[in-house]
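The following exercises concern the fold of one protein chain. Each task is followed by a solution in steps.

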Amino acid sequence: GLLIDSLDWQMESQPPQPPSQPAELELRSATGTVLSRQPVRILSHDDPNVTQVTLYFILGEQLQPMPRVIPRTEAVGTAALEELLWGPPPLNLAGFETAIPTPEDVLNFHARESDWGPRVTLRGLTIIDGVATADFSQELRSYAGGSLRVMLIRQQIEQTLRQFSTVQEVRIAIE
């Protein structure tokens, strides 16, 4: 869910895909002081340790599938939902959006409570007998919209989970 750098490819062909490699993420203040340093691993699309999932974002008022490469995991449904919560990619020329509250929505919500965090998080995902129950943090309540937005939030979560053969029904819980 974090874009560290972009190749800013200006050609009609696909940009080159660098191999998987170690890197270091640095967070700096506006003055350039290093606030934090963390080792990370940049994964190539063809790395055997990644898998592709489909996330659903909004274009106009319609859901559109968007493939995303994530680290391979047995908890692929959880990983897919966590990616969905990060929203569309930063280089979003088509204008994809999300109905799920963004950090800006959460922080500016008129009924925000003092114990709320800065963004919607996934508290857990269970799949039992084909029924997936996704439990989100209370910040999901900051959607501040009508029935269309509620429907789009549900559809984004449901379609993202229904790509997996173990899911036939989706339930959404908050806290």
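**Fold and conventions**

Read along the sequence, the protein follows the pattern β-β-β-β-α-α-β-β-α-β, where helices (H or I, at least four residues) and strands (E, at least two) are DSSP runs numbered from the N terminus. The model is predicted: local features need pLDDT of at least 70 and side-chain atom pairs count only at pLDDT 80 or more, while totals for chains, interfaces and linings use all residues. Residues are numbered from 1 along each chain as its sequence is written, and side-chain values use heavy atoms, with hydrogens and water left out.

**Exercise 1. State how many helices and strands the protein has, and what share of its residues is buried.**

Step 1. The secondary structure comes to 3 helices and 7 strands.

Step 2. Of the 175 residues, 31% count as buried, meaning under 20% relative accessible area, with exposed being over 50% and partly exposed in between (1.4 Å probe, protein chains only).

Step 3. The C-alpha atoms fill a box of roughly 40 × 40 × 30 Å along the principal axes.

**Exercise 2. Describe the sheet that contains β5, β6 and β7.**

Step 1. The order in this open sheet is β5-β6-β7, and the pairing of its 3 strands is mixed; two strands pair if DSSP finds at least two bridges between them.

Step 2. Because β5 and β7 stand at the edges with a single partner strand each, one side of each has no neighbour in the sheet.

Step 3. On average, neighbouring strands of this sheet are turned by 15° against each other, direction ignored.

Step 4. β5 and β6 are antiparallel, paired over 6 bridges, and L125 stands opposite A134 in β6. Their hairpin has 2 residues between the strands, and D129 takes a positive phi near 50° there.

Step 5. β6 and β7 (residues 169-174) run parallel and are joined by 6 bridges. A134 stands opposite I172 in β7, and V131 stands opposite E169 in β7.

**Exercise 3. Characterise the packing of α1 against α3.**

Step 1. Two packed helices are described by the angle between their axes and the distance between the axes. For α1 (residues 76-85) and α3 (residues 147-162), the angle is about 145° and the axes are 10 Å apart. Axes are lines fitted to C-alpha atoms, for helices over the stretch in contact, and angles run from 0 to 180 degrees between N-to-C directions.

Step 2. On the α1 side, G77, A80, L81 and L84 meet Q156, I157, T160 and L161 of α3, contact meaning heavy atoms within 4.5 Å.

Step 3. The contact of α1 with α3 has 5 nonpolar, 3 polar and no charged residues. Ala, Val, Leu, Ile, Met, Phe, Trp, Tyr, Cys and Pro count as nonpolar, Asp, Glu, Lys and Arg as charged, and the others, Gly among them, as polar.

**Exercise 4. Is α1 mostly covered or mostly uncovered, and what covers its buried residues?**

Step 1. α1 is mostly covered, with 7 of its 10 residues buried; among them are A79, E83 and L85.

Step 2. The cover includes β3 (50-59), β4 (62-71), β5 (122-128), β6 (131-136) and α3.

Step 3. After α1 comes G87, with a positive phi near 85°.
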